[in-house]
Amino acid sequence: MKNNNNIASLNSKILDCKKCKRLVIFRNKIATNKRKQYILENYWGKPVPGFGDIKAELMIVGLAPAAHGGNRTGRVFTGDKSSEFLFNCLYKANISSNNKSEHKNDGLILKNTYLTLALKCVPPEDKPLKIELYNCFEFFKQEFLFLSNITTILALGKIAFDACIDFYKKEFEIKKSNFIFSHGSTYFLPDRKILIACYHPSPRNVNTGKIDEKKMLLLLDKVKLLLKNNNSYNIF
């Protein structure tokens, strides 16, 4: 119950955050100038907190909310093309209760997994400033503190992977050059968590075949095996 209260309190702080003026202006602009297909919807237009199992061992990290996904629906990887691919795979891997993530009240449940973002607000052109990431790292740090069972981090995309490394650089003495992004690359972090890189499930990556269902499910199977074997690095 304690962790539940901590996460609820943290998410309330995230929702109230207005620290990065550029991001506040941009998220509000998108919520006002809606995409035509969503013109009758009320956009979320606020920071997007994480969600999932508060006792989770696996944390899946994206970079930031999609302009017309999370920034519209209020939930990370919800209501956009990336979420369609991701949750179809998570469902087939028995990590998600649903094969779609469409809106906040769709009843979706994540199993042994917490899904969050390095940056809680949508940035212009999907390119956050370093100071904006650093501002948000305090929330990221508290998520790790309250989600005390996390042993494994799956980073979706190079920018999210780099953001995780930048976060750890602030907390520990590590060299970023020692962490090279490639799909499936796996690293021990200084706090003994394991970081795994994954191509981002973007429409571009899916359409070009950079990532497909088979590649994603193989990686998710490795992640689940890693968790089952109590983070034994030998399986890689």
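Start by selecting helix H4, residues 81-92. Its buried residues are Ser-82, Ser-83, Phe-85, Leu-86, Phe-87, Cys-89 and Leu-90; buried means under 20% relative accessible area, exposed over 50%, and partly exposed in between, with a 1.4 Å probe and protein chains only. Helices (H or I, at least four residues) and strands (E, at least two) are DSSP runs, numbered from the N terminus. Before going on, note that this is a predicted model, where local features need pLDDT of at least 70, side-chain atom pairs count only at pLDDT 80 or more, and totals for chains, interfaces and linings use all residues. Residues are numbered from 1 along each chain as its sequence is written, and side-chain values use heavy atoms, with hydrogens and water left out.

Now show what surrounds H4. Its buried residues pack against strands E1 (51-52), E2 (58-62), E3 (113-117) and E4 (152-156), and against helices H7 (203-207) and H8 (213-228); contact means heavy atoms within 4.5 Å. The expected span is 1.5 Å times one less than the number of residues. Just after H4, click on Asn-94, which takes a positive phi of about 60°.

**Next stop: strand E2**

Is E2 mostly covered or mostly open? Mostly covered: five of its five residues are buried. Leu-58, Ile-60 and Gly-62 lie on one side, Met-59 and Val-61 on the other. In a regular strand the side chains alternate between the two faces of the sheet.

Bring in the neighbouring strands. E2 pairs with E3 in the parallel sense over five bridges, and four bridges join E2 to E4, also parallel; two strands pair if DSSP finds at least two bridges between them. Pick Ile-60 to see both sides: its bridge partner in E3 is Leu-115, while in E4 it stands opposite Leu-154.

**On to strand E6**

From E4, step across to E6 (194-198). The two strands pair in the parallel sense over five bridges, and Ala-155 stands opposite Ala-197 in E6. Five of the five residues of E6 are buried, so this strand is largely enclosed by the rest of the structure. Ile-194, Ile-196 and Cys-198 point one way, Leu-195 and Ala-197 the other.

E5 and E6 pair in the antiparallel sense over three bridges, with Phe-188 partnering Ile-194. They form a hairpin with five residues between them, and Arg-192 in the turn has a positive phi of about 75°. That arginine also lies over the face of Phe-188, at 4.3 Å from the ring centre. A charge sits over a ring if NZ of Lys or CZ of Arg is within 6 Å of the ring centre and within 35 degrees of the ring normal.

Select H6, residues 158-171. Its buried residues pack against E2, H5, E4, E5 and E6.

Now colour the aromatics. How many aromatic pairs does a search of the whole structure find? It finds 13. Rings of Phe, Tyr and Trp (its six-membered ring) pair if their centres lie within 6.5 Å; planes under 30 degrees apart count as stacked, over 60 as edge-to-face and the rest as tilted. Zoom in on Phe-144 and Tyr-168: their ring centres are 6.2 Å apart and their planes at 65°, so the pair is edge-to-face. Phe-144 is in H5 (residues 130-146) and Tyr-168 in H6, 24 residues apart. Both residues are buried.

Another pair to show is Phe-161 and Phe-181, with centres 5.5 Å apart and planes at 70°, so this pair is edge-to-face too.

**Last stop: the cores**

Finish with the largest nonpolar core, which has 39 residues; Phe-140, Phe-144, Ile-153, Phe-161 and Leu-195 touch the most other members. Such a core is a set of buried Ala, Val, Leu, Ile, Met, Phe, Trp, Tyr and Cys residues joined through side-chain atoms within 4.5 Å. Helix H1 (2-16), E2, H5, E4, H6 and E6 each supply at least two of its residues. A second, separate core of 31 residues includes Phe-51, Ile-95, Leu-108 and Leu-110.
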